Amino acid sequence: MENGDDVLIIYDDLSKHAVAYRSVSLLLRRPPGREAYPGDVFFLHSRLLERAAKLSEERGGGSITALPIIETQAGDISAYIPTNVISITDGQIFLQADQFNAGQRPAVDPGLSVSRVGSSAQNKAMKKVSGKLKMHLAKYEEIKAFAQFSSELDDTTQGIIDNGNMIMEFLKQPVNAPYDQSIQAILLYGIDRGIFRDIQPKDIAEFKADLLQAIATEPKLKAIQEGFASNPVLTDEAISALNAELTAKVQAFLK
């Protein structure tokens, strides 16, 4: 950072650090604090993570980004160490083991994951197409839990579940193959506008592969993607072109 570089530090993980520090403190007969952790474990973690900063241009413009990893016990995000670290950081990504085991990868919990930076970190196109996504997923998770106990669902409830299943399938990504933001914007636009609604969840992986191939090779879609990459704004012209291209792709796939 002092040399003007952008640095990423991953702390894997601070749960084990806290447990080791507690064990040493107890062996030294230091008085335990909450949940038998030493009282200064919060200070240690805060001093560690608050080194993360972005220097001014006068200081060279370097930065440190800290990514601490916390292991929760039985998914308890309100335990002492998780709440300590959450209070220091700018947000958290909460990963669910049951989602991971069910094949949902990355297994991000949209309800417990939060950013205190919010949409300020997104470009204009991403901000516009992803605004309703968390609301749709929260509604889906809530209704899915109740739907397990019901054999018959009304059309509205079934529609929310089908839409949620579709979104979850689209959010799956291969290992070590993150999507460029311009490609994410195209996929999320189709989700947000309901263009992909008629595609069955079991067919989404195949459709998405075809669509990604088309974005890479077909002139019209490639031009839209490159336009988002250079100027990430959802203009009327881009909306019109996206509607036409994505609708055509869905219709061709469903034939």
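**Figure 1. Overview of the predicted model.** The structure is a predicted model, in which local features need pLDDT of at least 70 and side-chain atom pairs count only at pLDDT 80 or more, while totals for chains, interfaces and linings use all residues. Residues are numbered from 1 along each chain as its sequence is written, and side-chain values use heavy atoms, with hydrogens and water left out. The protein has eleven helices and five strands; helices (H or I, at least four residues) and strands (E, at least two) are DSSP runs, numbered from the N terminus. Its C-alpha atoms fill a box of roughly 75 × 60 × 25 Å, taken along the principal axes. Of the 255 residues, 33% count as buried, where buried means under 20% relative accessible area, exposed over 50% and partly exposed in between (1.4 Å probe, protein chains only). Among contacts (heavy atoms within 4.5 Å) between residues at least 6 apart in sequence, 66% join residues at least 24 apart.

Figure 2. Arg 29 has a phi near 60°, a positive value in a residue other than glycine. Arg 29 counts as exposed because its relative accessibility is 77%. Ala 36 is found in the loop between H1 and H2 as well, and has a positive phi of about 70° although it is not a glycine. With a relative accessible area of 31%, Ala 36 is partly exposed. Most residues other than glycine have a negative phi, and most peptide bonds are trans.

**Figure 3. Two cis peptide bonds.** Asp 13 has its place in the loop between strand S1 (6–12) and helix H1 (14–27). A cis bond also joins Arg 105 and Pro 106, where omega is about 5°. Pro 106 is found in the loop between H4 and strand S5 (114–115).

**Figure 4. The largest nonpolar core.** A nonpolar core is a set of buried Ala, Val, Leu, Ile, Met, Phe, Trp, Tyr and Cys residues joined through side-chain atoms within 4.5 Å. The largest one has 39 residues, and those with the most contacts inside it are Phe 196 and Phe 228. Elements giving two or more residues to this core include helix H5 (124–130), helix H10 (219–230) and helix H11 (236–254). H8 gives the most to this core, with seven residues. Not counting residues up to four places away in sequence, Phe 196 touches Met 166, Phe 170, Leu 187, Gly 190, Ile 191, Phe 207, Leu 211, Leu 246 and Val 250. Apart from this core lies another, of eleven residues, among them Tyr 11, Tyr 21, Tyr 37 and Ile 88.

**Figure 5. H7 against H9.** The axes of H7 and H9 come within 9 Å and cross at roughly 50°; axes are lines fitted to C-alpha atoms, for helices over the stretch in contact, and angles run from 0 to 180 degrees between N-to-C directions. That makes H7 oblique to H9, since angles under 35 degrees count as roughly parallel, over 145 as roughly antiparallel, 65 to 115 as roughly perpendicular and the rest as oblique. The crossing is right-handed, a term for a near helix turned clockwise from the far one by less than a right angle, with anticlockwise counting as left-handed. Met 166, Glu 169 and Phe 170 of H7 make the contact with Ile 204, Phe 207 and Lys 208 of H9. By class, this contact has four nonpolar, no polar and two charged residues; Ala, Val, Leu, Ile, Met, Phe, Trp, Tyr, Cys and Pro count as nonpolar, Asp, Glu, Lys and Arg as charged, and the others, Gly among them, as polar.

**Figure 6. H6 against H7.** H6 and H7 pack at an angle of about 120°, with their axes 9 Å apart, and are therefore oblique to each other. Their crossing is left-handed. Residues of H6 in the contact include Leu 133, Tyr 140 and Ala 147, and those of H7 include Thr 157, Ile 161 and Met 168.

Figure 7. Asn 84 lies in helix H3 (residues 80–88) and is buried, with a relative accessible area of 9%. Gln 99, in helix H4 (residues 97–101), counts as buried at 14% relative accessibility.
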